[in-house]
Structure formats: C-alpha cells, structure tokens
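Please look over the structure shown here before reading the report.

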Amino acid sequence: MTIKGKAYIAGIFEHPTRHAPDKSTAQLHAEVAKGAIEDAGLSKDDVDGYFCAGDAPGGAWPMVDYLGLNTQKLRHVDSTETGGCSYIIHLGHAAEAIAAGKCSIALITLAGKPRTGVMPPRAAGAEADFELAYGATTHNAYGMCAMRHMHDYGTTSVQLAWIKVAASHHAQYNPHAMLKDVVTVEDVLNSPMISDPLHRMDCCVVSDGGGALIVTTPEIAKSLKKPQVRLIGHGEAMKGPRGGKDLDLTYSAGVWSGPRAFDEAGITPKDIKYASIYDSFTITVLMQLEDLGFCKKGEGGKFVADGNLISGVGKLPFNTDGGGLCSNHPVNRGGMTKIIEAVRQLRGEAHPKVQVPNCDLAIAHGTGGLLGVRHAASTAILERV
Amino acid sequence: MSEAKKYSAPVTNAETAPFWEAAKQGKFMIKRCTACGEAHYFPRSICPFCYSDKTVWEQSSGEGTIYTYSLMRKSPTGPYAIGYVTLKEGPSLQTNFVDCDLTTLKIGQKVKVVFKPTDGAPLPFFTPV
C-alpha cells in the first residue's frame with residue numbers, strides 16, 4: 001500500500017496578514033478555508049474531510065460548525081496535533097483517507113494570533129514536574145541543539161547566519177514579508193544574543209495569520225483548472241529523550257520521516273529542485289538538511305554557506321517566500337506555509353525572481369514541538385504532473 | 001539571582017511520590033530496571049526500554065557532566081542557563097545550572113545536584129563542581 005500519486009493538492013491559500021488585531025482566530029480559519037476552496041475552484045459544500053490541529057479554537061467539532069461545513073457530507077475528521085508540522089502530517093493523513101475512499105475533498109486549516117491574541121497553554125505531559133521549572137522555550141531548546149552541534153561538528157555562527165541571509169534574499173521579493181531587508185552575515189552576528197548561541201536574527205518572526213490546503217483525488221484534481229501537484233511520498237516520526245538514554249540533540253526525527261518519504265516517492269534528495277524547510281531557527285534548517293540527506297551529518301554548516309540556499313545562486317533553493325525567518329510564522333507553526341510555497345514553486349506561481357526553472361520535484365519538511373526536548377517531524381515529497 | 005527565584009512546588013502523583021519524598025531528605029533518585037539493568041530518568045513504573053514492571057528506586061550519585069546548555073539572556077525572572085546533564089549512572093536529564101557564573105559554562109564540565117526549595121518538595125538543579 002502506498003499513497004504515492006493518490007492525492008493532489010488542488011487548493012492553497014496563505015493569509016496575507018501578519019498582524020490581525022481586528023480579526024478573531026476562528027475568522028482567520030474561515031478566511032483561509034474560503035481562500036483555499038476558491039483557489040481550487042470548488043465550493044464549501046464539496047468538502048467531505050476536515051483536518052485541523054491545536055490552533056483551531058475548541059478543536060474539530062466547533063470549527064466544523066463555525067466553518068459551516070456540510071455535515072451531511074463530511075465523513076472524515078482528523079485533529080492530529082504535532083505542533084508546527086501538524087499540517088504536513090495532515091497532508092499525509094488526508095492522502096491516506098483519500099486513497100482508502102474515506103473522503104475525496106479534504107480541507108486543512110491553520111490560523112491564529114500570537115501577536116494580538118492569547119495563545120492557549122500547552123497541556124502538560126508526564127514529565128511536567130521534572131522539567132517545567134527549568135524554563136524550556138523555543139529559543140533555548142533550539143539553542144541547546146545548536147550548542148551541541150557546534151561542539152560535535154565545528155558548526156559556526158557564520159554558517160548558521162548564511163541561512164538567514166538566504167531567506168532575506170528571497171523575502172525582498174515578497175510584498176507580504178515582515179522583514180524585507182536583505183541582511184548580511186555580519187548583520188546576523190551583530191544582532192543581540194538571545195539564547196546562546198542563537199542571535200536574534202537566527203530566530204523566526206512572530207506573526208498572526210494562517211493558511212489552508214485542499215487535498216483531493218486525482219480525478220477531481222484533473223477536472224479543475226490549476227496546475228496539478230501531487231503527493232508522491234510522505235513520512236512522519238517522533239523523537240524525545242526517552243528516559244535519558246544515549247541523548248543526542250544533533251539529529252531530529254527527520255532522520256526517520258525523511259527516508260520514509262523519499263523511499264515512498266522512489267527518489268533521492270539529489271532529485272529535489274526546491275526545498276521548503278521549517279526555519280523556526282537557523283539551526284532547525286541546518287539539522288533538517290542533514291537529517292533529510294541533502295548532506296552528511298555534521299556537514300550542514302558547509303552546505304548552507306556562501307549562498308547555497310539562494311534561488312538562482314546556490315544548488316538548493318529553499319524557502320523562496322522568505323520563510324519563517326523573514327516572511328511569517330503563523331501561530332508559531334511553520335508547516336502550512338512550507339507546503340504552500342512548495343506548491344507555488346511546482347505550479348510556477350512563485351515570484352519570478354525566485355521561481356526555480358522547471359521545478360517538478362519539491363520537498364516540504366517540518367518539525368513540531370521543541371527540537372531540544374520532544375518533537376515530531378514530517379516530510380512530504382511533491383511532484384508537478 | 002537564582003536564590004531569589006521562586007519555583008512552583010511539584011504536583012507529584014502516585015507514580016513519582018517516592019522521588020519527591022526522597023528529595024525532601026536531600027536524596028536524588030533515579031529508577032533502574034532489574035530486568036534489563038538500564039537506569040532511566042524521569043522515573044516511570046514501567047521500564048521505557050524493555051517494558052518490564054520490575055523497576056526499582058536507586059539513589060543517584062548526583063554527579064554528572066554537562067551534555068549541552070543554552071544561556072537564556074532575558075526572561076521575566078532574569079537570565080538562566082538551561083541544559084542537559086549526563087549522570088554518572090547513564091541517563092541524561094534536563095535541568096538549570098545555578099550558583100555559578102552562567103557565562104563560563106562548558107560542555108563536558110563536571111556538575112553535581114543541588115536542591116532548591118519550593119512550597120512543597122525541593123527541586124533538583126545542578127552546579128559546577
């Protein structure tokens with residue numbers, strides 16, 4: 001059994017807002033749902049599968065009701081919550097449901113207001129008494145990974161900075177990007193230290209906003225007007241300290257989700273023309289590139305240096321919308337926008353200055369949770385038909 | 001700075017209460033599985049490695065080395081250093097480093113456990129030897 005080629009992304013929508021004091025979170029979900037449904041050329045009443053994660057107010061049943069989905073037709077619901085990569089996991093689960101005949105038009109939504117609203121607290125796990133007091137945050141959890149990666153492999157702040165530099169080169173062409181200025185390695189190194197060894201410019205932005213996808217059958221996708229983009233490989237995985245045995249923070253669950261996706265697709269990292277890689281921090285990108293096999297473990301620093309991730313300059317154009325480092329990071333969750341920019345590239349709808357010529361194979365990969373503590377990873381391989 | 005910081009008391013539960021009772025006596029406990037011999041942290045009833053329920057409490061030396069750390073430069077309660085310690089007994093665990101110059105921490109540095117008070121059981125932290 002495989003989901004290879006059995007589901008197509010027929011609709012995408014990224015909310016243009018980065019600051020939404022005048023909107024509710026549910027409203028943003030509705031606006032991105034409407035956008036993706038219209039992008040596909042479908043109607044709300046066609047939707048028979050709905051996917052959402054922890055950002056959806058109240059979970060799936062209040063959202064299904066609020067969105068006015070056709071409950072006589074809706075026959076598949078999934079609220080898998082794995083932080084920022086939830087939506088990449090949803091994409092795979094939607095493909096599974098479609099392949100099994102459980103739904104034919106799936107809607108996936110993400111939206112929220114970390115800048116102008118209240119973020120719901122994360123539920124505590126069994127580890128709470130043994131960890132909460134130590135104040136793990138995104139900054140220091142990823143900082144701990146970077147610190148050990150530098151120790152084990154000689155990775156440098158200059159190499160990490162190149163990731164931000166590449167993102168900024170792309171963001172200058174995105175009118176919606178929060179940070180449009182091209183920055184240099186020196187700019188990154190001169191930005192204040194937030195949590196060693198990560199500087200402010202090693203960190204992504206905080207933004208309101210959201211995004212949505214429509215995933216459907218090959219037959220329905222072929223009947224619609226948009227260029228056809230299909231899922232040909234998918235993987236998901238989780239990693240944690242697991243009782244503290246053999247702790248190694250220099251790799252992520254991407255070492256498992258990546259090969260699962262590439263094996264299903266029957267391709268290798270060398271075949272990829274464009275990469276959307278979750279960039280909560282620069283170290284996230286560096287570790288994911290290694291874990292996905294774009295370079296060997298420990299050689300990520302060399303791989304990302306000297307503009308290798310800049311479209312038209314380097315060998316692996318990444319995050320051509322400016323990514324989380326420069327464009328947006330809706331609800332502190334980067335998975336959705338990673339898929340959306342990959343679909344734009346495959347459709348040929350990216351900004352002409354960053355569009356990869358003849359882009360037929362792309363990867364969208366993300367992590368969720370805290371890389372230095374417990375996290376999930378998910379990988380999607382997408383193909384233009 | 002760290003002395004002045006107030007920490008919330010652990011909630012505790014039936015599975016972990018012996019850890020916190022021992023902490024009140026200044027003892028830092030880990031769990032070991034008598035079936036596979038592996039130690040683990042934080043403590044569970046069922047061994048996370050072999051799924052045996054034959055796990056027993058063991059007093060740790062409280063000594064270890066810094067696996068990694070990150071100095072959070074700003075927070076509402078001031079700077080703090082989070083990290084992982086690899087205990088002599090094997091397991092690695094998350095902690096904060098306290099009672100030291102936070103800017104001189106090094107991976108591989110030797111550290112030992114120290115307890116800090118709460119309104120309930122004290123919490124384990126680590127400080128350079």
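## Basis of the model

This is a predicted model, in which local features need pLDDT of at least 70 and side-chain atom pairs count only at pLDDT 80 or more, while totals for chains, interfaces and linings use all residues. Residues are numbered from 1 along each chain as its sequence is written, and chains are lettered from A and ligands numbered from 1 in the order in which they are written.

## Chain A

Chain A has 13 helices and eleven strands, these being DSSP runs (H or I, at least four residues, for helices; E, at least two, for strands) numbered from the N terminus. Of the 385 residues in chain A, 61% are buried, a term that asks for 20 or more other C-beta atoms within 10 Å of the residue's own, with C-beta atoms placed from the backbone.

## Two domains

The assignment, which is automatic or from a database, gives chain A domain 1 (7–114 + 208–231) and domain 2 (136–206 + 232–384). In chain A, 32 residues of domain 1 are in contact with 36 residues of domain 2, contact meaning that C-beta atoms, placed from the backbone, lie within 7 Å. To the side of domain 1 of chain A that touches domain 2 of chain A, H3(A) gives the most, with seven residues.

## Contact between the chains

Between the chains, 34 residues of chain B are in contact with 28 residues of chain A. On the side of chain B that touches chain A, S4(B) gives the most, with six residues.

Terms used:
Two residues are in contact if their C-beta atoms, placed from the backbone, lie within 7 Å. A residue is buried if 20 or more other C-beta atoms lie within 10 Å of its own, exposed if 12 or fewer, and partly exposed in between; C-beta atoms are placed from the backbone.
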